Structure formats: structure tokens, C-alpha cells
Amino acid sequence: IGNVTLTDNTAKAVLTVKQATITDTPYTCLITSSEWNKTDEEHTVNVNVYDITTTGAEVKKGTTNVNITCTISGVSTKPTVKWKQDSNDISDDNNYTVGAVTESGDKFKAVLTVVQKTTTDTVYTCLVTTAGSTTTEEQTVNLTVYDITPTGAEVKSGTTNVNISCTISGVSTKPTVKWKQDSNDISDDNNYTVGAVTESDGKFKAVLTVVQKTTTDTVYTCLVTTAGSTTTEEQTVNLNVYDITPTGAEVKSGTTNVNITCTISGVSTKPTVKWKQDSNDISDDNNYTVGAVTESDGKYY
């Protein structure tokens, strides 16, 4: 409580509210003067306290048109809201859409839309000036960007217990991960084992094990919902199945320069092929000629 000061026949009394809260009620000042023959004069002094609530976003890398908001409650007149990123003022352009302040019930809402593809975590600031104040208040709003990295598999037809995975980076809380094949939800059964989401080195990993023998190429989808988002993001994971067909030979004793082959189908990139006889590696010498791998009709020989 400050002392009463007198300047040019004007007396001034100051009460400092050290911690204003949204529930503050009006204050009353009681004035007594020896210059008049009255009881104490009472005057109501209002402290209007408003609040700024932010809603950030947690989105997958590359997402466009992401909304973040500032909501102002406790004021009766529309405030002025501006936006900054670091020290740079934000205005409507190819990167941002600055929405008009709108009213809903007893609150005012300002929306900033980040138009371009999101790439990294970014801190924005909304600057609020109310009609009853000359002070501009600042409130930070976080835009968190995460990434999903798929790890598929390329296996020989008939392989069992094949693992594929999705790794989620850029979030601090364990996400929820589900799996689908086409439009079918996947759960633990004779065909699949759905692993729990595990954390390592600041990343989260979800593993799906395909238990039964693989027969054909299959596209799986992991569906990721992070703690900071209500949107589920989808990431495809490929399981590629190839086959190896051997072609031997039946020849008369003493025949020379006999060709045998292995044909690899179902792969798009030239594989590496080596040969053995029993446990012995085979290389070019007087006994063998190891041919280079060649491609024909989408197969490798």
C-alpha cells in the first residue's frame, strides 16, 4: 500500500496488487478528509484480469496448413493480437495466414495458420493488447514436428517371423501405434505379433512380426497418434518377398563347361550372388567360371 501523494491539489493513493488472478473482485478505496464534514467516501476500483491460453500443435514432418491459437478470456472488448516468430513479425504471405480475432461466448480467439510444409520445431509468440491496457502481453506457442521412419524387409519366399518397424522421432511422450494390412486391423494372432512401443535414444519404435511364411509382397501401414495431437498419421511399410529358382544340369561323365544357374525374382535391385561347393567358396580358377549377375525380364541370373 503506497503513501498518499499530493500534486497540484490532487491526491493520489496507489494499491499494488502483487499477484493478480482471474478471480479478482473489485476493490474499494475509502477516503477521509479533514476538509469536509462527511463520513468516509467509498469508491469501487475494478481490476480486470484476463488470461491467455495457447494451443500449439504436434504434427508429422511435412504437414501443411497447421493451426496454432491464442485464446483470450476475461475481457469484454475484442483485443488486438499480433504474431511473431523469433523477432520477426508475421503477416499474411505464402508461409502464413493470420486469422482475424473471433469471439465465441466470453472468449476471443486468434488463429495463425502455418501454410508451408513443417520441417522443424518452432516457437511462435502471440502478442495481445487489450482495450483496457497499454501493455502488450506475450505468450509463446509451440509447434512440434515429429517424423516417422519405416523399416521394411526383403526376404525369401517362405521366411517366417519377419520384423518390420516404424520409428517415431521428435516427441517426448510415448505415442500410440496400431497396424493395418489393407483396411484390416492387425492384432496378436497366429499370423502376427504386435510388439509394444519401446524407447531408445530419444526415439520410439514399434515392431510388427509377420509370423507365418511369407509368400507375396505386402504393404503394411503403421498408424501413429502422438500425445500432443488428435490426428492419426499413417506410414506405409513394405515387405518384399523374392524367390530363388535353381537350374541344375544332368550331363554325361566327363562333360566340360556345364552351366548351372540361380534365378532371383521379385527384387528391383541387382543382388549379390556367391557360390559354394560343400563348405568351400568358389571363385574363378581352372575349375570354375563365376559369371556376373545379369538381368532379363525383371529377373536376375
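Colleague: How many salt bridges does the structure hold, and what makes K84 and D89 count as one?

Modeller: In this predicted model there are two salt bridges. The side chains of K84 and D89 meet with a distance of 4.0 Å from N to O, and because a salt bridge asks for a Lys or Arg side-chain nitrogen within 4 Å of a carboxyl oxygen of Asp or Glu, the pair of K84 and D89 is called a salt bridge.

Colleague: How do you know that K180 and D185 form a salt bridge?

Modeller: The closest N and O atoms of K180 and D185 are 3.9 Å apart, and since the cut-off is within 4 Å, K180 and D185 are counted as a salt bridge.

Colleague: Why is K84 called partly exposed, and why is D89 called exposed?

Modeller: K84 has a relative accessible area of 25%, and because buried means under 20% and exposed means over 50%, with partly exposed in between, K84 is partly exposed. D89, with a relative accessible area of 64%, is exposed by the cut-off of over 50%.

Colleague: What makes K180 partly exposed, and what makes D185 exposed?

Modeller: K180 has a relative accessibility of 26%, which lies between the limits of 20% and 50%, so K180 counts as partly exposed. D185 has a relative accessible area of 63%, and because exposed means over 50%, D185 is exposed.

Colleague: How many disulfides are found in the whole structure, and how do you know that C70 and C126 form one?

Modeller: The search finds two disulfides. The sulfur atoms of C70 and C126 are 1.8 Å apart, and because the cut-off for a disulfide is within 2.5 Å, C70 and C126 are taken as bonded. This pair links distant parts of the chain, with C70 in strand 7 and C126 in strand 13, 56 residues apart.

Colleague: Why is the disulfide of C70 and C126 called left-handed?

Modeller: The torsion about its S-S bond is about -85 degrees, so the disulfide of C70 and C126 is left-handed. Both C70 and C126 are buried.

Colleague: What makes C166 and C222 a disulfide?

Modeller: The S to S distance of C166 and C222 is 1.9 Å, and because the limit is within 2.5 Å, a disulfide joins C166 to C222. C166 lies in strand 16 and C222 in strand 22, so the pair ties together parts that are 56 residues apart in sequence. Both C166 and C222 are buried, and their link, with -85 degrees about the S-S bond, is left-handed.

Note on methods. Residues numbered from 1 in each chain as written. Predicted model: local features only at pLDDT ≥ 70, side-chain atom pairs only at ≥ 80, totals over all residues. Heavy atoms only, no water. Buried < 20%, exposed > 50% of the residue type's maximum accessible area, 1.4 Å probe, protein only. Helix = DSSP H or I, 4+ residues; strand = E, 2+ residues; numbered from the N terminus.
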